Every structure is written in C-alpha cells, then in structure tokens.
Amino acid sequence: KEILPLLNDLGCCASDIIQANSVIWVEGPSDRTYINKWISLISKNELKEGIDYSIMFYGGALCAHISMSDISEEETNNLINLLSINRHSAIVCDSDKNESSSELKPNVSRLKDECAKNGKTFWVTDGRTIENYVPIEYFKEVLKSDVKTDSYNEFSEIHFDKYNNNKPKYSKEIAEKITKDDVEKNEGLLAHIKDMIKMIENANPVSKELEK
C-alpha cells in the first residue's frame, strides 16, 4: 500500500509496460459499447480506448470474487484485487434493483465501500441495468418491437429476449443512435460519465497536457 504513492510521485504509468494508463471494469460487452459511446460524446480530449483507457470484463456474478481495496489479497480473504492490475481503475455495477428503494446486493455494497475508502471511481446504475440509461425508442427501432418499460424493468421480462440473446450486435446498432443531447438530458448518466472522464484524464496527465 505504501508503494503506490511513491510510484505516483515517480511518474510511473501503466503505459510503461505497454498497458493503458486506466481501466474501467464492467460486467459485459454491452456495457463497454455504451460507455465508449458516452465518453466519445462528452469528452473534450477525444479519449481513445486502448490508449488512454481500457475496458475489462469481470462478469456480474463474479463481483463476489473481486476487490477494489489497496490491502493485500490475504487481508481480503483472497479476493482478486483489481487495483493490482491497474491502480487507476474504476468499476461499473448494475444495481439489479426492482425498485428505487431496493437494497444493493452485499458484494456491490462492499465494492462501493472499498472504492469510497480508497478514492476510486464507483458507478452503480441508477436504474436496474446499464440499458436503462438508453432511450427506449432506440430499442424499439433496432429490435422492431413496441416495448414499454421503466427504470427498473429487466429487459428479458418485457419481450427483450431478442436483445439479450445477441447483446454485442444490437448494442452496437443502438449505440450508433445515441446523441450528446441524450446524455446531457440525463443528469445521473452525465455525472457518471464526467467522473469516468476525470479518472481517465488524471491517469494520463502527460498526453492531456500535450493536447492543450
């Protein structure tokens, strides 16, 4: 734990070992598609995946086996420490809530607390999943389905089996329709994306300075 501030002071970066300087951990491929799109719409510095940041998958159910704590694996019951892979990391979790008053799952709450304690960016979705940030009309257009939903519906329960069975394909088609105005009208989403951008830019101080 004491080594990390020293590495920061020395200017050591993940790119020194051919790794992007920051990582966003997400549950799956559709999260990557939407987050990349939102970052591209809001970032002023044209941040690029694979250069300024990477997006890695941890799989939703596997959050029981990962940690965002600076302490050793032995001290966290041998959970996989994501910060040991890249110390400039953020994590995105679906809330999986059925309604706004529902409690977060214990492991999601644990990750939230670990991020708060260690100053890391944590994003738990305001609705049930990442898809609930996307205007429903785009799903209707791409899937050709007249579906009605709200922030806490699970797509598979409302005739979205077609989408869930091929998320990588359909999320790309849907993401192409998303506009900057869509993001800016959603205050919660905009705040989360700005937090991600800030984390990425803090991890890439040299390249951001050169772009000014």
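Modeller: C63 counts as buried because its relative accessibility is 10%, where buried means under 20% relative accessible area, with a 1.4 Å probe and protein chains only. Before going on, please keep in mind that this is a predicted model, in which local features need pLDDT of at least 70, side-chain atom pairs count only at pLDDT 80 or more, and totals for chains, interfaces and linings use all residues. Residues are numbered from 1 along each chain as its sequence is written, and side-chain values use heavy atoms, leaving out hydrogens and water.

Now to the sulfurs. A disulfide is a covalent bond between the sulfur atoms of two cysteines. Here a disulfide is counted when a pair of cysteine sulfur atoms lies within 2.5 Å, and the structure holds zero of them. C63 is in no disulfide, and its nearest cysteine sulfur belongs to C93, 6.0 Å away. Seen from C93, the closest cysteine sulfur is that of C63, and 6.0 Å is too far for a bond. C93 is buried too, because its relative accessibility is 1%.

Next comes C115, which sits in helix 3 (residues 106–118); helices are DSSP runs of H or I with at least four residues, numbered from the N terminus. With a relative accessibility of 1%, C115 counts as buried. Leaving aside residues up to four places away in sequence, C115 touches M68, I91, K120, T121 and F122, a contact being heavy atoms within 4.5 Å. D70 is 45 residues from C115 in sequence, yet their C-alpha atoms are 9.5 Å apart in space.

Definitions and conventions: Helix = DSSP H or I, 4+ residues; strand = E, 2+ residues; numbered from the N terminus. Buried < 20%, exposed > 50% of the residue type's maximum accessible area, 1.4 Å probe, protein only.
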